[in-house]
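Here is a friendly briefing for anyone opening this structure for the first time. Keep the sequence and the 3D view side by side as you read.

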Amino acid sequence: MQEQEFDVVVIGGGLVGISLVAALDGSGLRIALVDAAPAPPGPARPADPDLPKDWDVRVYAINPGSERFLTSIGAWPGASDRIAPVLGMRVRGDASGGRIDFDAREAGTAHLACIVESRLLMQALGERLDAMHDLFRWRCAGAQFELEDRRALLHLDNGTVLHARLLVGADGARSWLRAQAGIAASVKPYGQTAVVANFTCAKPHAGLAWQWFRPDGVLALLPLPGRRCSMVWSANAALADELMALDAGQLASRVTQAAGETLGPLEVLTDPAAFPLQLVRVSSLVQPRLALVGDAAHNLHPLAGQGVNLGFQDAQELARVLRDRGACHDVGQHRLLRAYERARREDILAMTLATDGLQRLFGHSAAPLRWIRNGGLTLVDRALPLKRLLIRQALG
Ligand SMILES: Cc1cc2nc3c(=O)[nH]c(=O)nc-3n(C[C@H](O)[C@H](O)[C@H](O)COP(=O)(O)OP(=O)(O)OC[C@H]3O[C@@H](n4cnc5c(N)ncnc54)[C@H](O)[C@@H]3O)c2cc1C
């Protein structure tokens with residue numbers, strides 16, 4: 001049995017876990033990264049924008065705060081011809097007149113967000129890790145977890161045992177580490193599935209992101225470079241099944257129609273994929289020798305496009321706390337971890353309440369609620385200080 005000692009072991013090599021490892025580079029800490037997914041087959045093939053299917057169906061709206069963080073750790077993707085800045089947002093309610101518009105210029109920023117393919121982000125983060133020569137990596141799953149006074153023990157399913165001052169759970173919404181550590185998580189399925197697909201559009205999108213709150217879910221069209229857009233339709237389960245069963249032509253005309261032909265006729269660029277949606281709230285982000293980041297710490301409805309942005313902020317804050325620990329040598333000390341939790345609690349709560357509240361408000365068919373929610377959108381649109389506050393929050 002092989003045993004090794006580390007200061008920090010991160011479990012989960014998704015976007016958030018990798019960003020944390022990269023943010024700790026040069027800290028003098030001995031770091032290991034463990035991920036259960038098999039290694040990608042060789043270096044990623046350069047994406048070709050002219051190949052019709054060569055656009056990742058998973059895209060993220062990355063806010064300027066996350067863009068700054070990724071840039072600061074040397075992991076912002078350089079391929080600017082594959083990144084679309086969002087210059088404005090147009091949100092429409094489910095009754096005539098309900099609307100709110102956001103513009104980057106009005107908010108005093110170059111863009112509200114950037115739409116970036118998941119593959120591109122993973123590639124930039126992966127290259128950053130490859131440059132960390134003192135990083136230890138395992139491609140296997142955690143099998144058992146033990147807590148001792150001065151260290152945590154992580155048994156991997158290949159027989160290796162890692163000793164860590166601090167274990168970080170970045171292992172996603174169904175976090176294995178969170179369950180092993182007995183951190184309570186409340187899971188509320190939304191009864192909705194996000195159907196995502198990329199399209200070409202006949203009309204230019206002018207850098208606008210569109211969102212329609214509909215009786216059957218929330219439809220968003222996000223700008224991609226050129227005359228392309230990415231759809232996220234958070235649809236009730238029955239509609240999601242129906243959308244997934246359509247052929248390309250039928251899906252394109254269904255979405256074109258649902259979007260009121262805002263971008264003209266659409267054509268399917270990338271086959272659809274489906275993601276069931278849920279809300280996960282955890283009782284605590286930390287325990288002695290353990291911290292949670294990313295979806296392991298909060299799993300939200302994607303209607304605000306903020307899940308991974310919150311995760312990047314977790315990673316940034318945890319790295320800051322660990323780096324600035326002063327005379328405290330032990331990175332797993334509960335006092336340090338509590339500082340991380342205090343710094344993150346408010347942001348996570350605010351975003352959870354906002355996304356869950358909006359989902360619930362628009363998920364009801366009662367007529368008075370419809371009046372309130374649509375009137376509310378228009379009111380916020382006219383209340384400039386409130387609108388600025390919302391924009392500041394979303395910029396990260
Ligand atoms: C349709 C949709 C659209 C979205 N759009 C946006 C958006 O526009 N903007 C935004 O900010 N967010 C968005 N999100 C949210 C975003 O996808 C998540 O917040 C983000 O992917 C979470 O990243 P993560 O690294 O925390 O977790 P994950 O990506 O889930 O990574 C977890 C990692 O842990 C590994 N792992 C799991 N179990 C183990 C184990 N036992 N041992 C070892 N490794 C393990 C897995 O292999 C994986 O690599 C969207 C979500 C959905 C569903």
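Ala-206 counts as exposed at 56% relative accessibility, where exposed means over 50% relative accessible area, buried means under 20% and partly exposed is in between, using a 1.4 Å probe and protein chains only. The model is a predicted one, in which local features need pLDDT of at least 70 and side-chain atom pairs count only at pLDDT 80 or more, while totals for chains, interfaces and linings use all residues. Residues are numbered from 1 along each chain as its sequence is written, and side-chain values use heavy atoms, with hydrogens and water left out.

**Two loop residues with positive phi**

- Ala-206 sits in the loop between β12 (185-201) and β13 (208-214); here helices (H or I, at least four residues) and strands (E, at least two) are DSSP runs, numbered from the N terminus.
- The phi of Ala-206 is near 55°, a positive value in a residue other than glycine.
- Glu-261 also has a phi near 55°, again positive in a residue other than glycine.
- You will find Glu-261 in the loop between α6 (248-258) and β16 (266-282), and at 46% relative accessibility this residue counts as partly exposed.
- As background, most residues other than glycine have a negative phi.

**Where α1 meets α3**

- Helix α1 (residues 15-23) and helix α3 (residues 118-130) have axes that come within 10 Å and cross at roughly 30°; the axes are lines fitted to C-alpha atoms, for helices over the stretch in contact, and angles run from 0 to 180 degrees between N-to-C directions.
- The crossing of α1 and α3 is left-handed, a term for the near helix being turned anticlockwise from the far one by less than a right angle.
- On the α1 side, Leu-15, Ile-18, Ser-19, Val-21 and Ala-22 make the contact, and on the α3 side Leu-121, Met-122, Leu-125, Arg-128 and Leu-129 do; contact means heavy atoms within 4.5 Å.
- The residues of this contact of α1 with α3 comprise eight nonpolar, one polar and one charged; Ala, Val, Leu, Ile, Met, Phe, Trp, Tyr, Cys and Pro count as nonpolar, Asp, Glu, Lys and Arg as charged, and the others, Gly among them, as polar.
- Helix α3 also holds Gln-123, which is partly exposed with a relative accessible area of 25%.
- Gln-123 and Pro-77 are 46 residues apart in sequence, and their C-alpha atoms are 7.8 Å apart in space.

- Helix α7 (residues 307-323) has 17 residues and reaches 24 Å from its first C-alpha to its last, close to the 24 Å expected at 1.5 Å a residue; the expected span is 1.5 Å times one less than the number of residues.
- Helix α7 is mostly covered, with 13 of its 17 residues buried.
- Helix α8 (residues 334-363) has 30 residues that should span 44 Å at 1.5 Å a residue, and its end C-alpha atoms are 40 Å apart, which agrees.
- Helix α8 bends by about 35° at Arg-344, the bend being the angle between axes fitted to the seven residues ending there and the seven starting there.
- The buried residues of α8 include Leu-336, Tyr-340, Arg-344, Ile-348 and Phe-362.
- Asp-356, in helix α8, is buried with a relative accessible area of 6%.
- Leaving out residues up to four places away in sequence, Asp-356 touches Lys-188, Tyr-190 and Leu-279.

- His-163 lies in strand β11 (residues 161-169) and is buried, with a relative accessible area of 5%.
- Among the residues that His-163 touches are Gln-4, Phe-6, Arg-151 and Leu-153, not counting residues up to four places away in sequence.
- Phe-136 belongs to strand β8 (residues 136-138) and is partly exposed, at 28% relative accessible area.
- Phe-136 touches Gln-4, Phe-6, Arg-30, Ile-31, Ala-32 and Leu-33, with residues up to four places away in sequence not counted.
- The C-alpha atoms of Phe-136 and Val-282 are separated by 29 Å, and the two residues are 146 residues apart along the chain.

**Trp-76 in its loop**

- Trp-76 is found in the loop between α2 (64-72) and β4 (84-86) and is partly exposed, with a relative accessible area of 21%.
- Aside from neighbours within four places in sequence, Trp-76 is in contact with residues including Ile-62, Leu-70, Cys-114 and Ala-124.
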